[in-house]
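I opened a notebook page for this chain. The entries below follow the order in which I looked things up.

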Amino acid sequence: MTSRTPRDSRLRLVPRQPIAAARRAVANRGSRPAPRPPAGIPARPELSRQARAGLAGAVRLARWAADECARGGGLCDETVDRAAAALGLTAGQVRSEWDRARLAGLLELHDGTARPGWRLQAWDRDDSAVLRGWVALFDAWSLAHPEPAGTDPTLAAEVVEAAPQLLSVMHLSAGPVSVAMLLDLLQQRVAEIRAERCEVPYGTQPPPAPAPAPVAGDPLPELLDWALRGLASVGALVMRGDAGARAEALLTPLGNWAVWVKLEQICVAAQSPAGNIELSAEAMLRGCADLTPGPARAEYRAWLAARPVRSAVAELLEAARADDAMVRGLAFEALRAVGAPAEPTVRAAAEEPVLRPYALLWLAEHEGHDPEEAAEVLTREEATWLWVDTAAAVADHGESRLLVRHLDSAVQGTVPGLLEEVRAVGHPRTVQVLVALAAAHPDPALAKAVRRAAFQVHRGGA
C-alpha cells in the first residue's frame, strides 16, 4: 500500500531576519575551498560558450519579448504570431523558446507584463550568470519537455526523482552508458522509491524489493526515453547509436560539469568582489557580498561618504529595484548605514510592491523594533513574497544546503501550507525557486510535492 499524499513535514519556526538572508547565501558559500573539477571538464569560459550556444534561441526570443511585449501581456496567440514573423520561427518553436527563457531566468512576467530577467542583462558579460541560467533549465528539464500525454503523473514523478541517480552513474562512468543499463537502473530505483514510500508497521522489516523484470506493457522504457530526450533537449546529454537496446547516452561537457557540481554540493561563485568607492551602487553591493558584516558596513560608509546623501539613497534604491534579490537585500543593509536621512525615501519606496517588504522591515527597525521581531509588521502575503525573494537570492548565489535550510525561515507551519501560499503570491521567480528547492532537498516526498507545485505554477495554476 503506497501513500499518494505528500508527507506533512513540519517547518521549524525560528527567529527571522529576512534582509540578512541574501548575505548569508554568499557569506557562507566560501566556508570551504571549492574542489577542482575532474579531468576532462572544460574550463568555465568554454562551458559558458556552450551554454550560450544552447540557449541562443531563448535569449533571442527573450530580447525580442523584452522590447515588444513591454506594453503588457504574456504569450497570447497574437504575441506568438508576431514573434514567429519577426524571428522566423514556427508557433511551436516560439512557445518552446518562451518556456526555456522563463525557466532559465532570462524572461520574467510581472503582473502579466514580460520583462528581462537579471540574467539576460548580464548574459554577454557574466559567465557565471550564463552557467546558472543553464543549470536552472537543466533542473527544470521535465517542465521544458513535458511527459507524453496520458502518462501516470505519479510514475512520471518517480522517473524525475530517479533521474539524478542515472546522471550520477553516467558521470562516474566517464563515457557512454547503454540505454539497457540505464533502464535496469531506472527499474531498480523506481522499486526503491516505491519501497521507501510504503507504510510499514513499526518494528517490521520489509523484504528487499526486487527490480521489476521487463514485461509487455511496461511504461518505464517509454518514460526513460522521455527523460533522455528531455535531458538532451536542454543540452545535458547526447544519444548515440541505433534506437533500442544498442543506443547509448553520453553526458555533454555541460551535463558532466553540472552533475559534478551537484555531487560536490558546491556553488559556482556568481561574481568577484569589487569594493571601491568609485563603483556604482550595484557593483559596490556585489563587491561587498563576500564580506562579513563589519567590513561590509565600513565599505557602505566609505561609499556613502563620497556622495550626497540624497543621490546615494536614490542610487541604492534603484539597485534594489533590479531583478537580483541578493542585491535588493544588500541595498537595504547599506541603507541602514544612512539612518534617518533615508527615512522619507524609504517610506515612499514602501508603496512599490517589489520593495515593500524590505522597506517595512527597514522602517520597523529604524523606529526601534527588535530586529528579531520586525517581521511582525509584514502581512502573511508580504512575508511569503519576501521568503520567495530571499530564496531566489540563495538559489542564485548560495549552496543548495542553504536553500534547504531556508525552509526554516518560512512563516507557514507546514510545507503544503507554504507551497499553497507561495503559488498564490505571484512572485516572478516562484518556478525557479521551487525547481531549485526540489533539486536540492534530500526528502524525496517533499521534493516531489515541491516539483508538483513548480509544475502547477509554470502551467498557470494557482
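I took helices and strands from DSSP runs, numbered from the N terminus: a helix is H or I over at least four residues, and a strand is E over at least two. This is a predicted model, so I kept local features only at pLDDT of at least 70 and side-chain atom pairs only at pLDDT 80 or more, while totals for chains, interfaces and linings use all residues. Residues are numbered from 1 along each chain as its sequence is written, and side-chain values use heavy atoms, with hydrogens and water left out.

Entry 1, salt bridges. I counted a salt bridge where a side-chain nitrogen of Lys or Arg lies within 4 Å of a carboxyl oxygen of Asp or Glu. I searched the whole structure and found 19 salt bridges.

I began with helix α10 (residues 179–197), where Arg189 and Glu192 are three residues apart, which means about one helical turn between them. Their side chains meet in a salt bridge at 3.2 Å, N to O. For accessibility I called a residue buried under 20% relative accessible area, exposed over 50% and partly exposed in between, using a 1.4 Å probe and protein chains only. Arg189 is buried at 14%, whereas Glu192 is partly exposed at 36%.

I then looked at Glu97 and Arg100, which form a salt bridge with the closest N and O atoms 3.4 Å apart. Both lie in helix α5 (residues 91–103), three residues apart, about one turn of the helix.

I noted another salt bridge between Arg52 and Asp127, with the closest N and O atoms 3.0 Å apart. This pair links distant parts of the chain, since Arg52 is in helix α2 (residues 44–54) and Asp127 is in helix α7, 75 residues apart. Asp127 is partly exposed, with a relative accessible area of 27%. I also recorded a network of salt bridges that links Arg119, Asp396 and Arg429.

I paired rings of Phe, Tyr and Trp (its six-membered ring) if their centres lie within 6.5 Å; planes under 30 degrees apart count as stacked, over 60 as edge-to-face and the rest as tilted. How many aromatic pairs are there by this rule? The count is three.

One of them is Trp134 with Phe138, a stacked pair at 5.3 Å centre to centre and 10 degrees between the planes. The two are four residues apart in helix α7 (residues 127–139), so about one helical turn separates them. Trp134 is buried at 2% relative accessibility, and Phe138 is buried at 4%.

Trp141 and Trp226 form a tilted pair, 5.0 Å centre to centre with 50 degrees between the planes. Trp141 lies in helix α8 (residues 141–144) and Trp226 in helix α11 (residues 220–233), so the pair ties together parts 85 residues apart in sequence. Trp141 is buried at 5%, and Trp226 is buried at 1%.

I treated two strands as paired if DSSP finds at least two bridges between them. Three strands form an open, antiparallel sheet in the order β3-β5-β4. Which strands stand at the edges? β3 and β4 (237–240) do, each with a single partner strand, so one side of each has no neighbour in the sheet. β3 pairs with β5 (residues 248–251) over two bridges. Ser178 has Glu248 in β5 as its bridge partner.

Most residues other than glycine have a negative phi. Ala174 has a positive phi, near 55 degrees. Ala174 sits in the loop between α9 (153–173) and β3 (177–178), and it is exposed at 69% relative accessibility.
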